[in-house]
Amino acid sequence: MTMLGLVRWVLWDVKDTLLKVQRSVGEQYCREAERAGLKLSSQQVEAAFRQAYRQHSQLYPNYGTAHGMNGHLWWTGLVKTTFFQCGVQDPVLLDTLAKNLYQNFCGPENWEVFPDSNSALKACTALGLKQGVVSNFDSRLEGVLRGCGLLSHFSFLMTSEGAGVSKPDNSIFTQALKKCGVPAKNVAHVGDHFVNDYLASRSLGIHGFLLDRNGQQTHLDIPPEHRLQNLDELPARLQKEKD
């Protein structure tokens with residue numbers, strides 16, 4: 001039996017699989033700071049962000065959902081910490097920067113859809129496959145996908161904020177399988193992260209595919225039929241690959 005004979009659903013990662021941020025964090029944050037009359041180095045802001053992101057992720061993983069937080073509180077706190085480390089101490093200004101930057105990523109303005117995303121999603125629909133999302137994203141995902149013209153492809157969105165757990169915890173995939181209403185063997189998953197997407201989905205028997213657009217993960221021990229260089233390869237892979 002071909003894999004297409006088995007697969008009924010395709011689950012998708014979002015960030016760096018279907019879309020990406022248009023500019024670096026340092027550039028984005030500095031542009032907002034300039035609007036507030038601040039002159040900061042994008043390299044300094046980028047470094048501060050990475051440090052703050054690591055600290056926040058360790059202290060309050062998955063948007064702090066286990067600590068009574070949500071994505072909005074988590075991200076605005078992260079923005080404030082980032083700018084505070086860059087010498088911005090005015091609490092009113094920090095609040096303004098955090099509010100604006102959170103809003104900036106609620107819609108499509110700062111996101112770029114990969115050229116092969118729409119065609120791959122349409123091709124999967126044409127094959128009679130249903131599609132959903134499993135992403136370590138916050139509650140802004142629906143608005144982002146709607147603004148980017150991708151939302152209509154999906155029957156459901158499973159975010160880590162909504163699920164209360166993040167990939168690679170396979171319970172987020174278990175929740176997604178319940179929404180699919182079919183066994184893992186009837187589901188495929190596509191993502192760009194070896195552990196979060198490929199290993200986590202495969203651990204449950206889902207047909208995981210690793211997207212490696214830049215050929216930077218060739219060192220990993222993955223069967224070539226499980227690796228995608230671009231999303232346009234997926235429909236043919238689903239049709240031809242044997243289980």
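**Ground rules**

I number residues from 1 along each chain as its sequence is written, and I use heavy atoms for side-chain values, leaving out hydrogens and water. Since I have a predicted model here, I ask for pLDDT of at least 70 for local features and count side-chain atom pairs only at pLDDT 80 or more, while totals for chains, interfaces and linings use all residues.

**Entry: the sheet**

I started with the strands. Helices (H or I, at least four residues) and strands (E, at least two) are DSSP runs, numbered from the N terminus. Two strands pair if DSSP finds at least two bridges between them.

In what order do the six strands of the open sheet stand? I read S5-S4-S1-S6-S7-S8, with parallel pairing. At the edges I found S5 (156-159) and S8 (227-228), each of which pairs on one side only.

Then I walked across the sheet. S4 (residues 130-135) runs parallel to S5, and four bridges join them; valine 133 stands opposite leucine 157 in S5. S1 and S6 also share four bridges in the parallel sense, and here I noted valine 10 opposite alanine 188 in S6.

I looked up burial next (buried is under 20% relative accessible area, exposed over 50%, partly exposed in between, with a 1.4 Å probe and protein chains only). Five of the five residues of S6 are buried, so this strand is largely enclosed by the rest of the structure. Which residues cover the two faces of S6? On one side I listed Val187, His189 and Gly191, and on the other Ala188 and Val190.

A reminder to myself: in a regular strand the side chains alternate between the two faces of the sheet.

S7 (residues 207-211) is mostly covered too, with five of its five residues buried. His207, Phe209 and Leu211 are on one side of S7, Gly208 and Leu210 on the other. The chain gets from S6 to S7 through helix H10 (residues 194-202), and I noted this β-α-β crossover as right-handed (with the strands pointing away from the viewer, the path from the first strand over the helix to the second runs clockwise).

S6 and S7 are parallel, with four bridges between them. In S7, glycine 208 is the bridge partner of histidine 189, and phenylalanine 209 is that of valine 190. S7 and S8 pair in the parallel sense over two bridges; there, leucine 210 has arginine 227 as its partner in S8.

**Entry: helices across the sheet**

I took axes as lines fitted to C-alpha atoms, for helices over the stretch in contact (heavy atoms within 4.5 Å); angles run from 0 to 180 degrees between N-to-C directions. Helix H6 (residues 117-126) lies across S1 (9-12) and S4, at about 160 degrees to S1. Helix H9 (residues 171-180) lies across S1, S4, S5 and S6 (187-191), at about 165 degrees to S5.

Which residues of H6 are buried? I found Ser117, Ala120, Leu121 and Cys124. Seen down the axis of H6, the buried residues fall within an arc of 95 degrees, so they line one face of the helix (the arc is that of the directions from the helix axis to the C-beta atoms). Lys122 and Ala126, on the other side of H6, are exposed. After H6 comes glycine 128, whose phi is positive, near 85 degrees.

**Entry: aromatic rings**

Rings of Phe, Tyr and Trp (its six-membered ring) pair if their centres lie within 6.5 Å; planes under 30 degrees apart count as stacked, over 60 as edge-to-face and the rest as tilted. How many aromatic pairs does the structure hold? I have eleven in my notes.

One of them is the tilted pair of tyrosine 53 and tryptophan 75, at 6.3 Å centre to centre and 40 degrees between the planes. Tyrosine 53 lies in helix H3 (residues 42-59) and tryptophan 75 in helix H4 (residues 71-85), so the pair ties together parts that are 22 residues apart in sequence. Tryptophan 74 and tryptophan 75 have ring centres 5.0 Å apart and planes at 85 degrees, so I wrote this pair down as edge-to-face.

Buried or exposed? I checked tryptophan 74, which is buried at 2%. Tryptophan 75 counts as buried at 17%, whereas tyrosine 53 is partly exposed at 36%. One aromatic cluster includes Tyr53, Trp74 and Trp75, along with Tyr29, Phe49, Tyr63 and Phe83.
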